[in-house]
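Have the sequence and the structure open as you read.

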There are 2 protein chains.
Amino acid sequence: MKAVILLMDGLGDRPCRSLGGQTPLQAAHKPLFDRMATEGESGVVDVVAPGTPNGSDTGHLAILGYDPHIYYFGRGPFEALGAGIDLREGDIAFRCNFATIDREGMILDRRAGRISSSEAQRLAEDISGLAIPEYPDVKILFRPTIEHRGVLVIRGGALSDKVSDTDPHKTGVRVNIPEPLEDSTEAARTASIMKAFTEKTSEILENHPINQRRREQGFPPANVILLRGAGRFKQLPTINERYHVRGAVIAGGALYKGVCKAVGFDVVNVPTATGTYNTDLSAKVRAVVDSLKKYDLVFMHVKATDTASHDRQPAKKKEMIEKTSHAFTPIYEMGISEDLYVVVTGDHTTPSEIGEHRGDPVPIMFWGGDVRRDRVEKFDEVSCAAGCVGRIRGVDVMKLLCNYLGTVEMYGE
Amino acid sequence: MKAVILLMDGLGDRPCRSLGGQTPLQAAHKPLFDRMATEGESGVVDVVAPGTPNGSDTGHLAILGYDPHIYYFGRGPFEALGAGIDLREGDIAFRCNFATIDREGMILDRRAGRISSSEAQRLAEDISGLAIPEYPDVKILFRPTIEHRGVLVIRGGALSDKVSDTDPHKTGVRVNIPEPLEDSTEAARTASIMKAFTEKTSEILENHPINQRRREQGFPPANVILLRGAGRFKQLPTINERYHVRGAVIAGGALYKGVCKAVGFDVVNVPTATGTYNTDLSAKVRAVVDSLKKYDLVFMHVKATDTASHDRQPAKKKEMIEKTSHAFTPIYEMGISEDLYVVVTGDHTTPSEIGEHRGDPVPIMFWGGDVRRDRVEKFDEVSCAAGCVGRIRGVDVMKLLCNYLGTVEMYGE
């Protein structure tokens, strides 16, 4: 028996004035999702805890069955894994931005004019592998991801993730001096390495040919790298060890690949899955169907619903839901002819009139052969809450799904 | 104020093709249970945890208000208590089968041709009390229960339940040599006693007159005893200590009597309660009504619903539900005229098209004088989920019931 989890990022919402008081899910024309809700069982999920807004990182860990209070180690390592870096126990990883500072060191643009991925790639070639003479046993791994974004990994010797961001998260101020956040030699050493990294990369970037050309063309140079979200990687028990399934993930964004990889999923890359509005949903669905030949569980992630929420575009969110429902048809049809269970849910609520994460529960439905059929006929925040799944916790979703697959061990005799 | 818990074993189910896509509960004609659901409040129970299949032993502990993660000590001792053996702290108890081995020691039949209870009783007389010369301080208690089934208790000196089963759980192989599962003298000593027990009983059984007669009649001899489910008994706090009620249990199977006895229920034996399809439900109900004169809480167990599930007979399960609903009438009538609360539920889900335990929640209803009346009108998995009890945990059921009895202590002032 096989299963698919379809996770639409930031799916949950609240009534939107521009949608006549409906949520994007309520307003969306999504006949397939509504049919699946009619045929399956529905409920709502407190992804981490009732009333607690959670990030995509902690939300994904929970939905995959890993209590983030136990297994979350900061966002940096998940991004680094998603960017394709093979982390080792004890590595410290950061999310990074290429940014622009003026001659006085004041930040002018936190995204360096949204520098292109190809330019970032060229700059990164002169940064990754950088030697820091004061720390000869330390290895620097730097990898750009999309546009101005990237990841930094510090490896070697005693390190700590209890260090402050160098990213002040606003413009018009200086880059923060990294500080240890605890009284330990590891934290002091790590902050010192971060400081050296920042100074050395600024020197390299300031006069880099790419930046000279950007200046000539009137674009802001990418002359500093801002660090945030430090995390210390440790090996997590895999979903195969915990739930006895082999998993694959299909996603555009690095974070989602990274979280899945951290718990033992294989990453199936779909080049046209961009993690943006123009992502190729049909290609992702085809990759899901293909992957089900080899894997027990395929996790499919759609980012654009959350992007629309952060962009405060309820109508765009509604449209992305409609497109996803339509694109999902081949998986539904496969489920009709073969043994297949499907979970459709989100990782948190992002009200699209607010544009920030909130702690409202997200809708969920379970669909497949012998799932109990309740009276819910629409897949949305309010209809699902009346379903026979009731109100559950994110960390229970994976067990409820694997219970259908028959892979959860019995407790007692 | 008094209460009855009616527990139908393995009650929860999933849609069954042979019942037109309904669960046995949905398909059953059970006017009394539906009337009680209409008059009471309903919900669903994750008996141990969401999506986690549980055994009858851990399930009963939870429904009786004892978190199995704290109080479960293996199945053996519960079976032994149910068989009427008064256990002492530190006793190691096993479930046993009379089985048949050939001259080379290969297992031919794990049930010795389902030897009759009376033959097993005769064999047991020469086994219980057996002396093991190497261990003069050890006492052997052996008691047969139904047909080929029985229990063994090892008492005396330092013992451990960290020992492997001698029962290989299949035929065509040898009886397993018992092994210590931890590096302790107690486990090594216990495994050694198990080995001596197995050898000595095989000698006794091989030439026993009962077996000589069975061979003459063409039946397989009961010439070995297989051991499984080791557990170390410890005294549990009683329901009277924890919930301030005096309890009685009415059940056919030994396990259910045993779990109840372990937490301080008195066992009321009903000779015609067999734990099989032909159990005398009316006699059990009469015993419940009688016992309510003396006890605050009577626990009534019906095994046949689970047996039908394991036998993959949805229609038989439906029939047993219908019979139980009908037989329950005198208790309902007593509740109309006197103060009586009733809980009806199960201990786990056994989908009757699968024939194994699964982790889906089970339906529950609370009925009695001042119970809140919700809009549920049918007692089944889906209808109950819409009731005002919502989705609860097994370990909370006893408190919710005793809350109606007014025996739960207030927390705070």
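## How the copies meet

Only 11% of the interface residues of chain B are also interface residues in chain A, so the copies meet through different surfaces. Before going further, a word on the ground rules: this is a predicted model, where local features need pLDDT of at least 70 and side-chain atom pairs count only at pLDDT 80 or more, while totals for chains, interfaces and linings use all residues. Residues are numbered from 1 along each chain as its sequence is written, and chains are lettered from A and ligands numbered from 1 in the order in which they are written.

Chain B puts 28 residues into the contact and chain A puts in 19 residues (two residues are in contact if their C-beta atoms, placed from the backbone, lie within 7 Å). On the chain B side, the elements that give two or more residues are α3 (56–63), α15 (381–385) and β13 (390–393) of chain B. Helices here are DSSP runs of H or I with at least four residues, strands are runs of E with at least two, and both are numbered from the N terminus. By class, that side of chain B has 10 nonpolar, 10 polar and 8 charged residues. Nonpolar means Ala, Val, Leu, Ile, Met, Phe, Trp, Tyr, Cys and Pro, charged means Asp, Glu, Lys and Arg, and the others, Gly among them, are polar.

What superposes chain B on chain A? A rotation of 122° with 0.5 Å of shift along its axis does so, with an RMSD of 0.2 Å. That is the relation of a three-fold axis.

In chain B, 8 strands form an open sheet with mixed pairing, in the order β9-β8-β10-β1-β11-β12-β2-β13. The edge strands are β9 (266–267) and β13 of chain B, each pairing on one side only; two strands pair if DSSP finds at least two bridges between them.

Leaving aside neighbours within four places in sequence, B:Arg393 is in contact with B:Val45 and B:Asp46. The C-alpha atoms of B:Arg393 and B:Ala49 are separated by 7.0 Å, although the two are 344 residues apart along the chain.

Over in chain A, 6 of the 6 residues of strand β2 (residues 41–46) are buried, so β2(A) is largely enclosed by the rest of the structure. A:Glu41, A:Gly43 and A:Val45 point one way from β2(A), and A:Ser42, A:Val44 and A:Asp46 the other way.

| Strand pair | Sense | Bridges |
|---|---|---|
| β2(A) and β12(A) (residues 362–367) | antiparallel | 5 bridges |
| β2(A) and β13(A) (residues 390–393) | parallel | 4 bridges |
| β2(B) (residues 41–46) and β13(B) | parallel | 4 bridges |

In β12(A), A:Glu41 has A:Phe366 as its bridge partner, and in β13(A) the bridge partner of A:Val44 is A:Arg391.

Technical notes
Least-squares fit on C-alpha atoms with pLDDT ≥ 70 in both. Buried ≥ 20, exposed ≤ 12 C-beta atoms within 10 Å, placed from the backbone.
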